[in-house]
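Open the model in your viewer and keep the selection panel at hand. The tour goes stop by stop.

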Amino acid sequence: MDGHVTRTTMKLLPVLVFVCVVSSTADESASAVINMVVREGDDAVLSCSLGSRSIKQELFDWKKDGQKEVFMYDRGSHYNNNPSSQDPDFRGRVFHFEQQLDVGNASVVIRPTKVTDSGSYTCDFPFHQPRRRSHIVLVVGASPEPVIKILAETDKGVQVHCAVKGAFPKPVVQWKTRAGNIVPAEEPQVSERGGSYDVILQTTVTKTDYYQCVATQQEINHKIYTETLVRVVPGEFLFIIR
Ligand SMILES: *[C@@H]1O[C@H](CO)[C@@H](O)[C@H](O)[C@H]1NC(C)=O
């Protein structure tokens, strides 16, 4: 099919990382739950602090989803010099801030993040009350560009295909005209692999226009689309059919 133009535009958050305090529970009075969103490949600094005194001679422990060992610091020894019981998922990707120990800062950075790092992180000082010093819910988002293919001309119009592959969280995919009207489409085909989602959405368009395949991830406030010009010349496809 001749004369189609494809263009991709991203609408990003003004800041890629935003943190907001959502709730706190009674037995974790010292720590509210912090929700955090980063894009896959970026660094995620998970914040934790005991106060303002040195924690060089203390023990702190970061866990994911209550069980996976992410990072443990014990009086100068930590996983980056002794990785025996660290979860293999995190090996070589989690670092503390040596200079910051003097001021009580037990934050760590995951560098770089993967979609599968999404989950719930806790930072504990087991020999202090309260033990728990922070609880962070991390979402690592991946927002691939939709890819449009023009499949075939049928007696009903031109069949177009849009694929969004490897997205997280699961995107809502829609066909729209450039003017913003939703184009009715077939049932989306959704599959999951390795913790991210592939979504395929097909439709048949009946008139020449610029069409956009839009992927929206509400949870991370992200929208991305690819646009293409589809020419529908009734005489032409009727000629092909007959
Ligand atoms: C701890 O140190 C890191 C790295 O310098 C910094 O990003 C973070 O804000 C600090 N956190 C606190 C609670 O001071």
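How many aromatic pairs does the structure hold? It holds four, where rings of Phe, Tyr and Trp (its six-membered ring) pair if their centres lie within 6.5 Å. This is a predicted model, in which local features need pLDDT of at least 70, side-chain atom pairs count only at pLDDT 80 or more, and totals for chains, interfaces and linings use all residues. Residues are numbered from 1 along each chain as its sequence is written, and side-chain values use heavy atoms, with hydrogens and water left out.

Select Phe60 and Tyr73. Their rings are stacked (planes under 30 degrees apart), with 5.2 Å centre to centre and 10° between the planes. Phe60 lies in strand 5 (residues 59-64) and Tyr73 in strand 6 (residues 68-74), 13 residues apart; strands are DSSP runs of E, at least two residues, numbered from the N terminus. Phe60 counts as buried because its relative accessibility is 0%, and buried means under 20% relative accessible area (1.4 Å probe, protein chains only). Tyr73 is buried too, at 2%.

Next, select Phe90 and Tyr121. This pair is edge-to-face, 6.3 Å centre to centre with 80° between the planes; edge-to-face means planes over 60 degrees apart. Phe90 has 1% relative accessibility and Tyr121 has 0%.

Now show the ligand. Around the ligand are Ser47, Ser49, Phe97, Gln100, Asn105 and Ser107, each with a heavy atom within 4 Å of it. Zoom in on Asn105: an N or O atom of its side chain is 2.3 Å from an oxygen atom of the ligand.

Technical notes:
A polar contact is a pair of N or O atoms within 3.5 Å; within protein, one must be able to donate a hydrogen and the other to accept it, and residues adjacent in sequence count only if both atoms are side-chain atoms. Helices (H or I, at least four residues) and strands (E, at least two) are DSSP runs, numbered from the N terminus. Buried means under 20% relative accessible area, exposed over 50%, partly exposed in between (1.4 Å probe, protein chains only).
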